[in-house]
Amino acid sequence: MRAGALLLPATLVVVAGLLLPLLLLFRYSLNAFVPGQFMVEAVTAANYVKFFTDPFYLAVLWRTLRVAALVTVICLILGFPLAYVLARTQSRHKNLLIIAVVLPLFVGNAVRAAGWMVAFGAKGAVNASLLGLGLITRPIDIMYTETAVVIGIVAVNLPFMVLSLQSVIEGIDRAVEEAAFNLGAPPGAMLRRVLLPLAMPGVLAGSILTFILGMNAYATPVLLGGPRFQTMGPLVYGQFIEQNNWPFGGAIAFVLMAVTLLLTTLANLVVQRRMRR
Amino acid sequence: MARLELESLSRHYGATVAVRDVTLDIPDGEFLVLLGPSGCGKTTTLRMVAGFVEPSGGSIRLRGEDITRRPPWRRNTGMVFQNYALFPHMTVAENTGFGLEMRKVPKAEREAQAREALRMVRLEALADRLPRQLSGGQQQRVALARALAIRPDVLLLDEPLSNLDAKLREEVRIEIRELQRRLGLTTIMVTHDQEEALTMADRLVVMAEGAIRQVGTQRDLYERPADRFVAGFVGRSTFLSGTVEAPGRFRTTGGLALACDPGAPPGRAVLALRPEAIGLDPPPHADNRLGGEVELLSYLGPVLEMHVRLSPEDRVVVHLANRAGLAAPRIGDRVALGWPAGAGMVFAEP
Ligand SMILES: Nc1ncnc2c1ncn2[C@@H]1O[C@H](COP(=O)(O)OP(=O)(O)OP(=O)(O)O)[C@@H](O)[C@H]1O
Ligand SMILES: [Mg+2]
């Protein structure tokens with residue numbers, strides 16, 4: 001009873017702040033859209049049918065999935081060594097290092113994307129450096145490509161991955177790694193057989209977080225991908241604000257959420273099963 | 001075959017010297033114990049042998065090969081960590097077979113060898129458990145089996161018994177010693193437990209402040225300690241400070257005139273006395289014969305411990321064997337104590 005009472009405020013916030021808007025959104029997605037009349041009360045699956053039958057929308061979904069998956073894998077590869085160093089450092093300045101990892105988050109996504117735009121442009125820092133080093137002879141197109149979007153989202157998501165991994169790696173006894181070395185495991189084998197399996201909860205948490213953020217990214221794809229690079233986040237926004245098509249916008253939002261939830265749950269189950277083995 | 005030689009091994013951490021100039025020659029099959037107070041560099045020495053700590057100077061030779069710069073995974077040392085460091089996500093059998101897996105031993109053979117190692121520590125029945133389902137003593141034995149399974153050239157034990165209760169510790173001590181002897185394994189064990197060191201070692205190394213103070217058998221250390229530190233660290237001693245006035249004559253700061261080893265050079269010194277070297281009611285012609293007052297008395301079972309004040313500055317600890325018919329003194333009693341001149345060990349003081 002006491003515990004239940006303690007949970008009450010949080011429960012109320014979740015119901016009022018999350019479940020109600022979701023239910024409302026779902027209800028909207030079943031309505032019909034008549035141009036000029038805005039939203040017409042109905043119960044129809046037409047919006048969902050439209051999404052899943054139009055190759056354009058399916059391509060957007062596929063692109064979003066691809067970007068989010070790529071971002072997650074890159075964050076994992078870049079983040080693991082960083083998290084490991086952070087977790088194992090004996091430096092007195094450890095707190096400063098952690099703040100340095102989080103620091104990029106102090107700048108909003110839009111501002112940061114603007115920074116990338118400067119860097120990626122034909123006369124930007126990246127091209128200038130590559131040209132200067134003689135690695136390329138003509139400026140390469142980075143701006144308004146999938147590459148730019150992936151780099152941009154990776155930069156946003158990396159801190160989340162690093163922090164998730166670092167907290168878990170910190171809980172792994174250093175002596176366990178040494179035991180593996182002592183028993184004849186070179187660093188690669190130690191990583192594969194000991195460190196990674198033990199860090200799995202962190203890998204999972206960090207990947208899910210990064211994947212969700214990647215699926216829902218808005219400012220970065222808009223600013224770095226340009227108008228022709230459509231992903232799910234901007235697509236929802238466009239339907240709601242530009243087309244005024246709330247039912248279809250609601251349906252897309254629901255598809256986005258369902259797909260994200262489905263994949264993360266699936267990943268969770270697979271990893272849990274492998275770990276229980 | 002697996003002889004281990006450490007030559008002038010040192011390790012600094014910034015300004016602190018963790019290990020300084022350690023030279024040891026450990027023949028094949030020897031059980032060597034590193035003994036010393038906390039922070040004296042025992043673990044650091046062991047970790048340099050395992051390859052986890054890079055020496056600042058000196059070299060390590062195993063089977064005649066220089067392994068000083070070789071990474072840990074190519075050294076073939078078997079280490080038992082103080083907290084065991086078992087792999088929490090692997091079963092007992094997988095833990096034990098891990099080293100063999102890394103050596104690419106085929107699965108069937110690996111499993112047989114792991115089982116054999118577990119049999120040596122009497123844990124075959126628990127092969128499928130996870131480490132967290134084991135007691136501390138069982139985990140300790142898995143750690144030992146895991147290290148033995150790779151047939152290491154040297155077995156390295158860092159306070160392997162410190163997390164066990166007193167009773168179990170005594171059992172495991174004997175078990176480890178018997179296994180080590182049967183397998184003929186060159187072994188280095190680190191401990192700060194004197195009794196553990198004395199019961200298990202072939203040879204002991206006493207360390208202090210990173211340096212070796214003395215290497216020798218139990219008897220060497222106890223009967224012929226190299227310095228005052230060893231005399232105090234291995235076994236108990238009472239230290240009386242004073243001066244060697246003439247060959248064989250020692251005067252304490254409290255004014256007692258005592259007969260001592262005639263070979264001791266004159267000058268400021270301390271006289272160390274083992275508690276059991278001092279006797280009650282000595283014969284009239286004893287080298288040293290003194291009266292004193294009993295200030296403290298403890299019943300320790302095999303012995304009775306007495307603290308006797310001989311002068312305002314000098315107090316000695318005496319152990320009386322607890323035999324039938326011992327007329328035990330009481331606190332406040334005056335007693336006569338005596339010891340032969342040769343029983344006192346004289347160490348010159350700067
Ligand atoms: N990584 C390190 N960084 C700095 N100093 C260290 C490090 N490791 C050890 N030391 C120092 O080196 C000295 C020796 O340490 P070591 O762990 O070898 O002692 P020990 O004899 O094993 O002590 P104990 O019985 O307490 O385990 C200590 O003064 C310790 O503070
Ligand atoms: Mg130690």
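Two residues are in contact when they have heavy atoms within 4.5 Å of each other. Keep that in mind for the views below, which come from a predicted model where local features need pLDDT of at least 70, side-chain atom pairs count only at pLDDT 80 or more, and totals for chains, interfaces and linings use all residues. Residues are numbered from 1 along each chain as its sequence is written, chains are lettered from A and ligands numbered from 1 in the order in which they are written, and side-chain values use heavy atoms, leaving out hydrogens and water.

**View 1. Chain B as a whole.** In chain B, 65% of the contacts with a separation of 6 or more link residues 24 or more positions apart. Of the 350 residues in chain B, 51% are buried (under 20% relative accessible area with a 1.4 Å probe, protein chains only; exposed is over 50%, and partly exposed is in between).

**View 2. Zooming in on T91(B).** Look for T91(B) in the loop between β6 (77–80) and α2 (92–102) of chain B. Is T91(B) buried or exposed? T91(B) counts as buried because its relative accessibility is 18%. Leaving aside residues up to four places away in sequence, T91(B) touches A127(B), D128(B), R129(B) and L130(B).

View 3. An automatic or database domain assignment sets the bounds here, giving domain 1 (4–229) and domain 2 (236–348) of chain B. The domain centres, taken over C-alpha atoms, are 40 Å apart. Seven residues of domain 1 of chain B touch six residues of domain 2 of chain B. Together the two domains bury about 590 Å², with 57% of that from carbon and sulfur atoms (buried area is the accessible area, with a 1.4 Å probe, that two parts lose on being put together, summed over both). On the domain 1 side, Y222(B), P225(B) and R228(B) supply 87% of the buried area, more than any other three residues. Between these domains there are zero salt bridges (a side-chain nitrogen of Lys or Arg within 4 Å of a carboxyl oxygen of Asp or Glu).

**View 4. Chain A meets chain B.** Here 19 residues from chain A and 24 residues from chain B make the contact. The two chains bury about 1,800 Å² between them, 64% of it on carbon and sulfur atoms. From chain A, N182(A), L183(A) and R193(A) supply 40% of the area that this chain buries against chain B, more than any other three residues.

**View 5. A salt bridge between the chains.** Which side chain does E178(A) meet in a salt bridge? Its partner is R47(B), at 2.7 Å from N to O. On the chain A side, α8 (174–182) and α9 (187–215) each supply at least two residues that touch chain B, and α8(A) gives the most, with seven residues.

Note on methods. Helix = DSSP H or I, 4+ residues; strand = E, 2+ residues; numbered from the N terminus.
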